[in-house]
Amino acid sequence: MFKTALKLKWIGALIAALALATGFVALSGWQFGASESEPVVKVDKTEKPVALTKHVDIGTELLGTTADQIVTFTGEFVPGTDRLIDDRVEDGKKGVWVISEFKVDGAKQDAGIAVVRGWQPEETTPSAAPKGELKITGRLLPNEGPENEHDLRSATLPSITSAQLANIWDSVLYNGFISAHDITTAKGQAVEQPGIDMIYVGPQPQEAQINWLNVFYGIEWVLFAGFAIFLWYRMVRDDYQRDLDDIAERAAEAREAQPGQTPPAAND
């Protein structure tokens, strides 16, 4: 079959098949490369503080491109809105988060936002929120999953959900909540919160996204490349088989063309 493969037409077909297979492999590599995308928002962007009022609007859903951002804003805490969020761990110790409503300067509809003021070890009444004009820097986080069958009159809640808190506080709220990293006065002085420890919520893990459809397409292109070579092989093998059939047919014709010999007569 090797001699058959050396025919000019099959050498040309092999070159074409290899070129086609190379193109398919290149397309496969492109599909595999496109299957992995960068995180929606990179850390170097989320860690640069931006103004809350310019980053999100009231009533808009907090998407992956807007959540996890460090934001700054000014305003005042609303007295009497303190709530405890249970089952929160800080430095290996179980306790609660303390959240309060914060009216944001410049927000539409005089909206507020839920702010985690910090952590305390016991489910006791927290110290009052700082008064006066304040500046807060913290991470904007999406709502946590709401819990069913929970007494809204309780000061302790299982999760932070802006829709639930809006009903409790009877106020218009931004979607999501703020994990406060820094609370200062308008003059930049740190405020005291007796019994409450400030917390820090780091950026979410930056994982690349996998598009499995591109992966499947990449596998398909590899199969196409293999099929191009296999198709060339089948055509060469078929041509080789035809050559063998032709040789056998000519041999049979040659035998038939030879004059027949009369067998000797038997003696009486």
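Reply: Happy to! Let's start with Asp-68, which lies in the loop between helix H4 (52-55) and strand S3. Here, helices (H or I, at least four residues) and strands (E, at least two) are DSSP runs, numbered from the N terminus. This is a predicted model, in which local features need pLDDT of at least 70 and side-chain atom pairs count only at pLDDT 80 or more, while totals for chains, interfaces and linings use all residues. Residues are numbered from 1 along each chain as its sequence is written, and side-chain values use heavy atoms, with hydrogens and water left out.

Me: Why is Asp-68 called buried?

Reply: The relative accessibility of Asp-68 is 7%. Buried means under 20% relative accessible area, exposed over 50%, and partly exposed in between (1.4 Å probe, protein chains only). Asp-68 therefore counts as buried. Across the protein, buried residues make up 36% of the 268 residues.

Me: What makes the phi of Asp-68 worth a remark?

Reply: Asp-68 has a positive phi of about 70°, although it is not a glycine. Most residues other than glycine have a negative phi. Asp-170 is another residue other than glycine with a positive phi, this one near 50°.

Me: Where is Asp-170, and is Asp-170 buried or exposed?

Reply: Asp-170 lies in the loop between H5 and S9, just after H5. Its relative accessible area is 71%, so Asp-170 is exposed.

Me: How do you know that H5 is mostly covered?

Reply: Count its residues: six of the eight in helix H5 (residues 162-169) are buried. They are Ser-162, Gln-164, Leu-165, Ala-166, Ile-168 and Trp-169. The elements covering them include strand S4 (83-90), S5, S6, strand S8 (156-157) and S9.

Me: Why does Gln-109 count as exposed?

Reply: Gln-109 has 57% relative accessibility, so Gln-109 counts as exposed. Gln-109 sits in the loop between S5 and S6.

Me: Which residues does Gln-109 touch?

Reply: Touching is a contact, meaning heavy atoms within 4.5 Å. Leaving aside residues up to four places away in sequence, Gln-109 touches Ile-58 and Val-172. Gln-109 and Val-172 are 63 residues apart along the chain, yet their C-alpha atoms are separated by 7.1 Å. For the protein, residues 24 or more positions apart account for 70% of the contacts with a separation of 6 or more.

Me: What makes Thr-137 count as buried?

Reply: The relative accessibility of Thr-137 is 19%, so Thr-137 counts as buried. Thr-137 is found in strand S7. Among the residues it touches, beyond those up to four places away in sequence, are Ile-70, Ala-180 and Asp-182.

Me: How do you know that S7 pairs with S9?

Reply: Two strands pair if DSSP finds at least two bridges between them. Eight bridges join strand S7 (residues 134-141) to S9, and these strands run antiparallel. Gly-138, for example, stands opposite Ala-180 in S9. Strand S6 (residues 112-120) is joined to strand S9 (residues 173-185) by four bridges, and this pair runs parallel. There, Gly-112 stands opposite Leu-173 in S9.

Me: Which residues have the most contacts inside the largest nonpolar core?

Reply: A nonpolar core is a set of buried Ala, Val, Leu, Ile, Met, Phe, Trp, Tyr and Cys residues joined through side-chain atoms within 4.5 Å. The largest has 23 residues, and those with the most contacts inside it are Leu-52, Phe-73, Phe-102, Ile-113, Val-115, Ile-136 and Tyr-174. Strand S3 (70-77), strand S5 (93-104), S6, S7 and S9 each give two or more residues to this core. S9 gives the most, with four residues. Apart from this core lies another, of 17 residues, among them Ile-99, Ala-114, Trp-119 and Ala-166.

Me: Why are H2 and H6 called roughly antiparallel?

Reply: The axes of helix H2 (residues 8-34) and helix H6 (residues 212-257) come within 6 Å and cross at roughly 170°. Angles over 145 degrees count as roughly antiparallel (under 35 is roughly parallel, 65 to 115 roughly perpendicular, the rest oblique). That makes H2 roughly antiparallel to H6. The residues of their contact divide into 24 nonpolar, four polar and two charged.

Methods. Axes fitted to C-alpha atoms, helices over the stretch in contact; angles between N-to-C directions. Nonpolar A, V, L, I, M, F, W, Y, C, P; charged D, E, K, R; others polar.
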